[in-house]
Amino acid sequence: MKLSEIDTPAVLIDVDRAEENMRRFQTYADGHNIAVRPHIKTHKLPRFAKRQVELGAVGITCQKLGEAEVMADAGLTNIFLPYNIIGKTKLDRLLALNERVELAVTADSEFTVRGLSEAFKNAAAPLTVLVECDTGMGRCGVQTPDEAVALAKSIAASPGLLFAGFMTYPKSGAVAENEAFLSAAKENAIAAGLHPRVISNGGSPDMWRAHEVPSATEHRPGTYIYMDRFQVAKGVGTFDDCALTVLATVVSRPKDNRAIMDAGSKALSSDTFGMDGFGHIVDYPDAVITSLSEEHGAIDLSACEIKPQIGDRIRVIPNHACVVTNLFDEVVLISGDEIVEIAPVAARGRVD
């Protein structure tokens, strides 16, 4: 099949750009003695997870248990699951997964720790647990270094559990605050007789500043493999680094300055992250995707000297690549204009 024969909307992945993105960050991390543990939520493809490990990653990160199960089935053997696992059904699955791979999870409450301990108290191998710390993001996580150490003590004293360290998903740009929290937690833990061998930092927006968090032993980038419009806006890369595009067709030109494409909210992320519009059109950079309905994307062409016509195919760099991945059953891997593979998105929809 030729690229011109691919029906739209479709997700195209430039494998050469993805490879370069993976290599570039791995080289940077190696140079700063930082372990890389990439987050597979962006691509959800065993092919790329394996390649990340081949390039030097110590393992992978999965956001949900279902993703981790898919990756384990594909042969990945070192998986970090930075999520509070709650409820007997999930804990039974976690117990089974821990028997298959080298696994670690996080906890940010005594409730979670008790549940993990109850599930693993008679397990053949203990479960490795990190304390999740809220260093400014305002999502999950204990709120102070003292709380982090208190929970670490609880994990260390719980049957079936092994305390391994601390984890955070930091607020973008708050590098100094992040380091201050993690360094205090580390120092206090050591003073309490604990040994945090892993301190896991994350996020693509500040990945080129990972060395400014010297307390961290590893970094978990996700979007870095594909990049997207938001990462470009953050200065992480350029549009030339973006490996994922949505291929769409112009299906209507109701006005001279308006075009409608067949990619709406079911093909592009509705996330704006404070930016104008819903993506960057590669061949028409002055165009603005002003709105999305389910199957239509409205494009303002007012600033364009040359405008697309009905039937023209356009490529859109989305605001948020991770969401787009989860909207499609398969992606088209390309090198230049040649199709390399049409790959099923193996972990798509695994929100459990």
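Which residue in S15 is the bridge partner of Leu-247? The partner is Arg-315, and the strand pairing around these residues is taken up below.

## Basis of the report

This is a predicted model, in which local features need pLDDT of at least 70 and side-chain atom pairs count only at pLDDT 80 or more, while totals for chains, interfaces and linings use all residues. Residues are numbered from 1 along each chain as its sequence is written, and side-chain values use heavy atoms, with hydrogens and water left out.

Helices (H or I, at least four residues) and strands (E, at least two) are DSSP runs numbered from the N terminus. Two strands pair if DSSP finds at least two bridges between them.

## Strand S10 and its partners

Strand S10 (residues 244-255) runs antiparallel to strand S1 (residues 10-14), and four bridges join the two. Leu-12 has Thr-245 in S10 as its bridge partner.

S10 also pairs with strand S15 (residues 313-317), in the antiparallel sense and over four bridges. Three bridges join S10 to S11, again with antiparallel strands; here Val-250 stands opposite Met-261 in S11. S10 and S11 form a hairpin, with two residues between them.

## The parallel sheet

An open sheet is formed by eight strands in the order S2-S9-S8-S7-S6-S5-S4-S3, with parallel pairing. Strands S2 (35-36) and S3 (60-61) stand at the edges with a single partner strand each, so one side of each is left without a neighbour in the sheet.

Within this sheet, strand S5 (residues 102-107) and strand S6 (residues 127-133) pair in the parallel sense over four bridges. The bridge partner of Ala-104 in S6 is Thr-128. Helix H4 (residues 88-98) packs on the sheet and touches strand S4 (78-81), S5 and S6; the direction of H4 makes about 145° with that of S5.

## Helix packing

Axes are lines fitted to C-alpha atoms, for helices over the stretch in contact, and angles run from 0 to 180 degrees between N-to-C directions. Contact means heavy atoms within 4.5 Å.

H4 and helix H5 (residues 110-120) pack at an angle of about 55°, with their axes 10 Å apart. That makes H4 oblique to H5 (angles under 35 degrees count as roughly parallel, over 145 as roughly antiparallel, 65 to 115 as roughly perpendicular and the rest as oblique). In this packing, Leu-91, Leu-94, Leu-95 and Asn-98 in H4 meet Gly-115, Leu-116, Ala-119 and Phe-120 in H5.

The axes of helix H6 (residues 145-157) and helix H7 (residues 175-191) come within 8 Å and cross at roughly 45°. H6 is therefore oblique to H7. Pro-145, Asp-146, Ala-148 and Val-149 of H6 make the contact with Phe-181, Ala-184, Ala-185, Asn-188 and Ala-189 of H7.

## Aromatic pairs

The structure holds seven aromatic pairs. Rings of Phe, Tyr and Trp (its six-membered ring) pair if their centres lie within 6.5 Å; planes under 30 degrees apart count as stacked, over 60 as edge-to-face and the rest as tilted. One of the pairs is Phe-25 with Tyr-28, which is tilted, at 5.5 Å centre to centre and 35° between the planes. Both residues lie in helix H1 (residues 15-31), three residues apart and thus separated by about one helical turn. Phe-25 is buried at 1% relative accessibility, and Tyr-28 is buried at 13% (buried means under 20% relative accessible area, exposed over 50%, partly exposed in between, with a 1.4 Å probe and protein chains only). Phe-25, Tyr-28, Trp-208 and Tyr-224 form one aromatic cluster.
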